[in-house]
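Welcome! Let us walk through this structure together, one region after another.

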Amino acid sequence: MLASPPQEGEPPAVPAVGRAWRWLWGVLLVAFFLYVRLRVNPAFVYHSYWVQPELSDGVPVFFFSASFLQDFLLRPGGLVEFATAFLGQYHQLAWVGAAFIAALAAALCWEAFVLLKAFGGEPPRVLHLAPVLPLLALYGCYFDPLPDVLALVLALGCACLYVRAGPCAAAGRLLVFLAMLAPLHYAAAGAAVVYALLCVLFELTAGRRRALALLLLALGAAAPYCLGVAWLRVSPAASYGGLLPFHGLDVASENARPLFIRLMGVEAVLHAFYLLAPVYVFVAARLGGMGRRWRLAGAFVLLALAGGICGVHDDEMKGQTAVDYYAYRRMWPEVLENARKVPRGTYGYMFVNCAVNRALYHMGKLGDDMFAYGQGPVGHMLCPDTVPDLRYRDRAWVMQGDLLADLGCVNEAVHMTCEAMEARGNHPRLLELAALCNLANGRTEAARIRLGAAAKSADPVHRARARGLLRRMEEDPLLSDNLQLRHMRAMRVQEDVAGWLTVEQALKLLLAQNGRNRMAFEYLMGFYLIYGRLDDFVAGLGRLDELGYERIPRHYEEALLMYALRTGRMPELGGRRISESTARRFSGFQLGAARHAGRPFAARQLALAEYDDTYMFYHLFLLPPELTQ
Amino acid sequence: MRRRPVAVVLVLTAVVAAAGLVYALRGRPPEVRQAKAGQRPPRLQPDYSETVFPPNIAAPSFVVAEEGTAYVVEVRGERGEAFRAWNAGSGISLPMGPWRRLLSANRGAAFEMVVCVKGLDGGWTRFEPVRNRIAQEEIDPYIVYRRINVIYNCYTRMQLRQRSLEDYDDSVLLDNRSIGKGCMNCHTFCNNGTDAMLIQMRSARVDYGHGMLLIEDGKVSKVNTRTRLNPGLAAFSSWHPSGRVIAFSTNRVRQFFHTTRPEVREGIDLKSDLAVYFVYSGEVTSRKAISRPDRLESWPCWSADGKYLYFCSSPVPWDEVEGLPPEHCRDALYDLMRIPYDVDSGEWGEPETVLSAREAGMSIVQPRPSPDGRFLIVCMAPYGGFPALEPDADLYMVNPATGEHQRLPCNSDQTESWHSWSSNSRWFVFSTKAGDGLFLRPAFCYIDEDGEVSKPFVLPQRDPRFYETNISLYQLPELVKQPVPVRGEQIAGVIRSGEWAAVDVPVTAATPSAEPWRPDP
């Protein structure tokens with residue numbers, strides 16, 4: 001059947017897109033979904049809020065309460081933030097999160113398709129897929145751009161409706177524009193500016209209504225002032241720039257600004273695409289359209305870019321996030337497995353160090369294997385007297401809460417958890433830990449309130465846990481059968497001491513009050529080894545009997561041999577012996593060290609690399625000199 | 001195509017019918033048949049029983065802590081119509097319209113709430129009535145408070161808010177995210193009005209400076225009360241009833257932590273002094289009597305007639321501070337003092353002790369005289385100057401003439417502190433941690449002509465289960481007569497822009513030999 005020729009006043013017929021193209025787009029979308037799920041893992045994207053605290057104002061939370069909603073209603077962009085606070089929770093369910101991100105990408109592509117078609121007069125084949133690339137780059141860096149992207153999707157959706165409003169008079173188009181501008185600004189703040197600019201560009205190019213374009217420009221520029229600054233009384237920056245790239249620059253701490261600016265630059269590319277590409281296709285169409293070769297070349301460029309972006313996937317951040325993710329879930333073997341993927345000496349390694357030590361303790365291997373991983377005085381316990389810089393503290397507080405609760409420093413765990421809540425928000429994870437500490441202290445009602453708050457959250461992981469704990473509290477208010485609580489109660493400090501305790505003081509206090517606190521003992525021994533304090537280490541070994549050690553852990557043996565070598569005497573070991581394998585390796589290390597004595601430091605280190613999992617190696621090559629002074 | 005309009009009409013009709021059915025079912029309370037008599041009043045959470053309500057308070061919502069499958073509450077006063085509220089769950093919200101009619105018809109009279117609960121066996125129990133009274137006198141209709149989390153050292157989320165007591169409207173006056181996550185630490189009003197108020201502000205992440213925000217007739221100005229001789233930041237403050245002078249303390253506060261005590265935190269003033277700011281001339285001055293180096297002076301508060309400045313003063317119990325807590329910090333026991341002042345001449349008298357810590361056996365802080373001058377309520381704790389962190393802190397009534405004092409019946413076994421009077425002196429609000437020992441909530445008490453204090457009731461909320469899940473603190477509640485005329489960006493914009501007005505220093509405690517400052521005639 002032949003198509004009838006266009007009548008006067010009707011838009012010219014647009015060539016249809018072939019079925020093969022549609023299949024290709026479908027396949028690419030599925031590939032995108034699988035890549036996001038399997039390579040990126042949305043659960044890690046959500047968890048990265050804990051790992052990169054310097055990039056955000058807090059970990060997204062959502063509570064089913066009127067007061068929570070109220071906080072979003074009085075500012076432009078609040079509705080999108082409210083929606084993303086809810087939707088973002090489901091990133092924790094990796095498949096759901098991946099589906100949601102894929103839907104977001106599909107929406108961006110579809111909107112690009114509609115706009116490019118409206119501006120250029122013919123449907124694009126490849127160009128509309130370009131927005132997927134910056135999206136991939138952002139998620140690949142474990143940065144969640146959801147609020148800004150959702151605002152952009154809304155703005156583009158409005159722009160699509162505008163350009164598809166059909167042929168009507170300027171007054172009609174003006175009404176359509178205004179009808180969407182005000183609600184859009186209220187919902188998506190500065191993204192309304194993108195919408196207004198797209199409408200202006202459309203009228204200047206494909207629409208050919210310059211007077212209307214100027215009017216739309218004036219209205220688009222005035223609306224954020226009238227609606228945001230004058231009516232809702234927010235700052236001009238929040239009204240014009242809210243939910244646009246760089247709007248959260250003040251949130252990023254100073255050290256993270258270069259990274260934040262890079263990420264925002266990628267977001268800006270995404271936004272700029274929607275303003276530049278339509279103009280480009282319009283101009284290209286006027287110049288006679290793009291030939292087949294150009295389309296193919298474009299497709300290859302996009303493919304190359306996609307490949308490049310997959311290549312720049314931030315594996316280190318993924319490793320750090322995975323370590324933290326599994327440590328929180330007490331999946332200790334996974335912690336150790338992922339810790340090996342994070343290079344030592346990097347910015348975040350101290351946190352990996354802390355998680356590794358905790359994993360090793362819980363697997364009964366702290367005294368045997370801790371020096372097989374990178375060790376440092378800061379990472380061992382991340383305590384305030386050792387964390388070197390305030391900028392690390394937000395993340396340290398979160399991890400310390402878990403660690404101190406394990407150790408039995410219940411009050412200090414509450415302290416750190418409350419600090420973390422102040423820095424990262426009232427996340428159900430923190431509420432649950434604080435509630436358990438309250439329960440360990442006998443403050444049942446306070447715990448019930450905190451769990452009640454957690455149970456009101458939309459968090460798919462923690463809400464059910466909080467509800468479960470509350471249900472159990474109805475029958476057993478102290479949750480006496482809860483294993484974690486039983487451990488905390490058994491290990492907790494009994495005597496009240498007021499003040500600021502150092503790591504060593506806190507661990508000694510724990511041991512003084514409860515000689516069976518094995519974790520405190522191993523952490524104290526680890527502390528002495530890391531600081532090279534062999535005298536204190538040897539003095540502390542007397543507790544091996546009390547704590548029921550049948551054999552001496554490997555690193556303790558190595559430290560004892562070093563002590564004996566230095567002092568010429570081996571301490572009393574309560575009938576235990578240094579194992580043969582340790583003695584053999586110690587001798588080998590000694591021989592090697594003697595053999596390479598004259599060589600430069602780095603060369604010696606390399607030559608003895610086979611011993612890099614021993615305490616001797618750490619003591620000789622890695623112990624920071626300032627600690628030994 | 002013809003079917004589409006029909007389908008739309010059918011769907012709409014079904015929706016309207018369903019809504020009507022829901023409304024009709026909702027509109028009728030379940031019938032209470034053959035109820036057996038409960039031998040006691042029901043347990044309500046929060047406890048709204050045996051108390052006195054102001055005639056302008058929002059309807060209380062509560063949970064009936066009795067097991068059941070349906071709940072009916074009938075509210076009836078001595079005059080006017082009774083009304084009912086009901087729910088399949090145990091949360092009961094009294095409807096605002098009938099509640100207001102009940103209040104207005106029963107001023108000065110009693111009312112009762114009869115609770116009927118349908119048990120799991122299908123039978124109803126009618127509990128003994130919960131009795132309350134409605135006072136004749138209204139309460140100031142707003143509280144201004146600070147909403148924060150349970151904070152230790154770090155604070156990043158803080159809001160100064162205003163809650164209407166006549167309904168549930170709770171709005172933000174200033175969010176610290178708009179001022180670089182700075183701190184709004186105290187807000188003070190002149191004579192319970194909002195024409196003249198001040199907020200103490202500290203910068204945090206972004207340096208907008210520190211100082212006092214004066215808000216007068218809707219105009220916001222920034223005052224830096226620090227001087228070379230008086231370098232501390234203003235903290236606790238009090239407006240003179242004339243509105244011409246503001247007394248404030250400067251406190252060097254430190255915090256430390258306990259390893260097992262239920263309240264982990266403890267605060268301590270390492271150094272504190274008092275000074276006054278003259279609103280019209282922009283000058284700051286002090287007297288040796290209120291800023292002695294060997295004593296810690298804090299918590300200034302003007303008497304109702306403006307002739308005295310009440311304050312609290314403790315000897316400095318340590319020689320030198322080496323680490324925290326300093327030695328003998330538990331010997332920081334504050335006496336209740338007052339010093340005469342003539343606002344017209346600017347003359348100070350000699351300080352006198354109203355009630356010593358030795359006599360009271362406790363540390364006395366936060367004196368707040370009632371606006372009619374008849375009552376003086378203070379907060380007492382075993383030691384120290386920060387009762388909000390002391391589990392044993394309680395409110396006491398003090399007779400300023402004799403020093404006689406008595407513990408108020410509104411206290412619980414947890415912390416009570418920071419009280420504020422209604423302008424008619426018949427009501428006061430205070431912060432309490434009753435129940436959970438952790439989360440501060442505002443509670444209200446009626447005080448009659450004879451000084452009898454009623455049982456407190458906690459601020460009514462729309463959601464009956466609000467306090468079961470609320471983890472924010474209602475800190476520093478202050479009763480005010482009108483809403484605050486400025487808010488949000490109006491205040492934040494001033495903080496972010498412009499210079500802080502510096503103050504003049506005619507005389508300070510560091511130059512005690514100089515004559516006290518005198519205003520221009």
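**A guided look at chains B and A**

In chain B, strand 27 and strand 28 (residues 376-381) run antiparallel to each other and are joined over five bridges. One of the contacts to look for involves Pro369(B), whose bridge partner in strand 28 of chain B is Leu376(B). Keep in mind as you read that this is a predicted model.

Now widen the view. These strands belong to an open sheet of four strands in chain B, in the order 27-28-29-30, with antiparallel pairing. Strand 27 (363-369) and strand 30 (405-407) of chain B are its edge strands, each pairing on one side only. On average, neighbouring strands of this sheet are turned by 30° against each other, direction ignored.

Chain B also has some cis peptide bonds to find. One leads from Gln45(B) to Pro46(B), with omega near -5°, and Pro46(B) sits in the loop between strand 2 (44-45) and strand 3 (52-53) of chain B. Another leads from Leu324(B) to Pro325(B), also cis with omega near -5°; Pro325(B) is in the loop between strand 23 (308-315) and strand 24 (335-342) of chain B.

Let us move to chain A. Val30(A), Leu34(A), Leu38(A) and Trp95(A) make a nonpolar surface patch of about 400 Å². Helix 1 (residues 19-40) of chain A gives the most to this patch, with three residues. Leu38(A) is in that helix, and counts as exposed because its relative accessibility is 56%, where the cut-off is over 50%.

Finally, is Leu243(A) buried or exposed? Leu243(A) is buried, because its relative accessible area is 2%. This residue has a positive phi of about 60° although it is not a glycine.

Key:
Residues numbered from 1 in each chain as written. Chains lettered and ligands numbered in written order. Predicted model: local features only at pLDDT ≥ 70, side-chain atom pairs only at ≥ 80, totals over all residues. Heavy atoms only, no water. Patch = residues over 30% accessible without salt bridge, like charges linked within 9 Å, V, L, I, M, F, W, Y side chains within 5 Å. Areas by Shrake-Rupley, 256 points an atom, 1.4 Å probe, with all protein chains shown as cover. Salt bridge = Lys/Arg side-chain N within 4 Å of Asp/Glu carboxyl O. Helix = DSSP H or I, 4+ residues; strand = E, 2+ residues; numbered from the N terminus. Buried < 20%, exposed > 50% of the residue type's maximum accessible area, 1.4 Å probe, protein only. Pairing = 2+ DSSP bridges. Axes fitted to C-alpha atoms, helices over the stretch in contact; angles between N-to-C directions.
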